[in-house]
Amino acid sequence: MKRNRGKALAFIFVSVLALVWMVPIIMMLVVSFMPPDQRAPRFGGLLISGVSLQNYVTVFEDAEIVTHFVNSVAVTVPSVVLVVVISSLAAFALARLKFFARDIWFYLLIMTLMLPIPTLVVPIFQINKALGLNDSYLGLILPYTALGVPFAIVILRSFFAGFLREIEEAAILDGCTPFGIYWRIMMPVSWPAVAVVIIWQFMTSWNEFILALVTMNSVEVKPLTLVPLVYSGQFMMRPGPMFAILTLITLPVILVYYLMQRFMVSGLTAGAVRG
Amino acid sequence: MYRRITLAVLLLLILALTAPVLAQDEVVVRFRSWSPVIATTEAMIEAFNAENPDITIEPDITNYPEYLVDLQTMAAGGSLPDLIGLEPGALTQQYRDHLMPLQDCAVATWGEDWEDQFFPVGIEQARLGNPEGDDNIYGLPVLVQTINMWYTVPIFEEAGVEPPTTYDELKELADMFNAQGIAPVMIGAGDGWIRRDVYMQLIHNIAPGLIYEAEDGMASFADEPFVEAMTWWKRLFDDGIFQMGALGMTHYPAAVEQIQGGRAAMFPMGAWWQQQAANPNPPPLDQNLAGYAPFKFPDVTGMGAPEDLLGGIDVMLGVTRDSANPDAACKVITDWISGAGAQALINTYNDLPAYIGLRPASFGSENQEAVWDLFTEEWLASVQYARQLKSPDVKQALEDALAGVAAGEMTPAEGMQLVQDANM
Amino acid sequence: MTRKWLIDNQGLFFMAPAMILFVVFVLYPILYIFNASMYDWDGINQAIYVGVQNYIEMFTDDRSFALSIRNSIYWTFLTIFPQMFLGFILAYILTSGVPLQNAFRVIFFMPAIISPVVLGIIWQRIYAPFGGLLADLAWETGARFLMQPYLSDPKIAIFSTIFVNVWQWTGFSMLMYVAGLQGLPGEVLSAAQVDGAGALQRIRYIVVPMLRHVHLTLILLGVIGTLQTFALVYMLTKGGPNHATEMLPTYIFLKAFPLQSMGYASAVAVVLLVIALGASIFQVSVLGSRFTIGN
């Protein structure tokens, strides 16, 4: 009885909090459906005088949303894949192999774990300039990968380190090379940790802003994060289309998260934050 | 599973590597600016191409702050486009070394007396900040403007009041509108440029023209008139002339949305506000500019408002030294200033034309036409004071000081001292 | 280099891609900013060597820099701990079998995946002192205390900004704790989730200590997040009013790009780098190399 009452209270608490939590997102949706000639709706936009799809029509007609979406994908997906490949190789070596200056490399890498991207924005801009990578996808893919690798290595390394020696030794007796052990034995069972790396890197690359701002100069290569800025001049005085854009750039991430969320929790549980 | 992933990686990498567009042979003019907005720019390009089909214009229009970032990174990367939008003064001077003098282009197009075909303020300000002895024109003015106040007609009519001309009238109106939940003077003082615009009107009210002397070191920004103007600025906040929380709002888009929604009685803006009439799906107040009328900044100090307005060039265009097709770029610029492209631009009421004699093809209402005529025939001729400052450091310091004083973090005297310190 | 050496050190081949990227995009840029910080340089024209002048100016005569350091300290403490606290409570409730618990988890986590650019624009509408959600609520309901100059008062603005960050990231803390709680032995959790006099004690003395790794991970990620903060502030306040919400990254950006002082910006970046490295070294020395993850 007492237990049920506690549960009911808890349920009410999270329900109310969830409702409040959702207000900004609801507001984004509501304003995006506002009639295009309405301004300054009451309660910042929670209360509108009618519903219209016109804003979405305007956005698809006047803005290259699809192009920007493709740009974001073209930057994010390669950086995620590269981070998984590069960091898993390195993490495997750091966890299971002995080689020259191994510990030094490891400490160097984890020292840069906290390297904020804004610190390096000036030099990376200059490096990209020297390599001719400004205004190209690679100009973002490579730095995102480089800065994402240390965190991924830390996660994957401790996952790999947890494997039993015996399995590895048996594989070596069967003539398996270290690469074979990495590829056929370790990777196939490491998906929980890999899932965490994927989600983390996806979120960082998809939402990264400052480097994209200075690297991508032409409108046609700008990723979605920059879209509100690109069009804020054009739609500046029209909150409806602006918020339709915000909604459109948010939906893909929510979809990806929704599809991945069960991996996220199980991945974190299975590997990442095991006590 | 992993093999397929490897394949996908390879494919994506190849895609990314080959993404840069292949070079083209035709005459291409790349254009970057924050103004005019893309829809207008496209109309101008269409009008230009009707007569010049052999020149392709590639426009990229972004928001002003991000435009500055792009411009700087492109300049550093040696990849400036052919044609760039400029403001007179600080911005143009920053890029002077990258810009081509344009007077030859102007003479070739309009003849030796070309300067007379522009409103004087446009020509004067095109050279703003040039070093001694450098008479080059680094950018040709496309649009000019005045800085002034506007009021919302239905709100004034309902209240049965007239635009204020003195501070006491302004204060009286403010008290009345505040009680009704209407912003007396709506300002998005979070934007530095509008803070500066209002301050410039205050200082010209107190000591007309003195600020330019201070810029040249002939007077100090810490002098009494500047401090007094700063004190008035602070009073506008303290007396509730500006709406509450003004310092945390952007002028565009936050304040503008409230203005359009009919929640502001008055607001500082400029001649470009006429463009509201050309936006798609205009709210009722915007339709044919029915809801707004301009008036001059009140004589807050009671010292007699100078009749000479603040204003100048809205946007001018420059050709970069990296341009592969300077002749084509000249053609585009001059068309956009006085040709078919200019007409397309003016038809959107984007701002006032720098070139004398252009007029929109049609007006939606008498009020709109009357406003246009007031600006072009009366006010523009009396624009005396540049809205822009020469030095980016002074500009930044002044905008910071205005915010700091408004927020109560420093006294007017301390604020102006910071501006003077930056003027070295 | 003999063949045998190569075979003994084949780990180097596995490491090679990571090492190359590290050298080009991390190590070289670090050396670069150290060098650039010694110059007066606008990024375009010739740089002038000024030695440690930039540093002297920064530490003796730069109010904006001091503010961004102060704000980083506020940000660290006022985001990490509230997020952890609220996140833990939510996780605890949402693993106890309340109805719709998966839906609730999605709702609370959602802000974490939305671009801060989007959130900045939305929250401006919430905070707007005139016509904003809170201002209108205050006006209509008479709850005047809701009408505050959230983003315009330099004393309040930083806290308003931090609040948005807490809203955004609490769901992330929650999810980490959900994972942590699910990883606990079943009997520990079910024992703790029986209500009654001892429940709080059981949480306090048994569950919380067992989640040590989650706490540490969240602190680590929180510090990284603080030092990275850019987009939210840039969209919400641009660092204003009068630099009251400036963070180190926004200040670096302001100096490097709008104000064209790449040399000075590099000097600020060096300070940020030293702080970041210091935090990393602290983490490593306190927690060893196992700091984020279990086993």
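**Domains, interfaces and local backbone features**

The C-alpha centres of domain 1 and domain 2 of chain A lie 34 Å apart. Domain 1 of chain A covers residues 22-52 and domain 2 covers residues 58-272, the bounds coming from an automatic or database domain assignment. The contact between them takes 6 residues from domain 1 of chain A and 8 residues from domain 2 of chain A, two residues being in contact if their C-beta atoms, placed from the backbone, lie within 7 Å. On the side of domain 1 of chain A that touches domain 2 of chain A, 5 residues are nonpolar, 1 is polar and none is charged. In this classification Ala, Val, Leu, Ile, Met, Phe, Trp, Tyr, Cys and Pro count as nonpolar, Asp, Glu, Lys and Arg as charged, and the others, Gly among them, as polar.

The model is predicted; local features need pLDDT of at least 70, side-chain atom pairs count only at pLDDT 80 or more, and totals for chains, interfaces and linings use all residues. Residues are numbered from 1 along each chain as its sequence is written, while chains are lettered from A and ligands numbered from 1 in the order in which they are written.

Between chains A and C, 84 residues of chain A are in contact with 90 residues of chain C. Elements that each supply at least two residues to the side of chain A that touches chain C include α3 (65-96), α6 (138-161) and α12 (239-272) of chain A. Helices (H or I, at least four residues) and strands (E, at least two) are DSSP runs, numbered from the N terminus. The most residues on this side of chain A, 14, come from α1(A). By class, the side of chain A that touches chain C has 62 nonpolar, 15 polar and 7 charged residues. The contact between chains C and B takes 23 residues from chain C and 24 residues from chain B; the chain C side divides into 15 nonpolar, 7 polar and 1 charged.

Helix α11 of chain C (residues 212-228) has 17 residues and reaches 24 Å from its first C-alpha to its last, close to the 24 Å expected at 1.5 Å a residue. The expected span is 1.5 Å times one less than the number of residues. Of the 17 residues of α11(C), 12 are buried, among them C:His213, C:Leu220 and C:Gln228. A residue is buried if 20 or more other C-beta atoms lie within 10 Å of its own, exposed if 12 or fewer, and partly exposed in between, with C-beta atoms placed from the backbone.

Most residues other than glycine have a negative phi, and most peptide bonds are trans. Phi of A:Ala101 is near 60 degrees, a positive value. A:Ala101 lies in the loop between α3 and α4 of chain A and is exposed, with 11 other C-beta atoms within 10 Å. Phi of B:Leu289 is also near 60 degrees. B:Leu289 is in the loop between β6 (264-270) and β7 (292-295) of chain B and is buried, with 26 C-beta neighbours inside 10 Å.

The peptide bond from B:Ser35 to B:Pro36 is cis, with omega near -5 degrees; B:Pro36 is placed in the loop between β1 (27-33) and α2 (38-51) of chain B. B:Tyr252 and B:Pro253 are joined by a cis peptide bond with omega about 0 degrees, and B:Pro253 is found in helix α12 (residues 251-260) of chain B.
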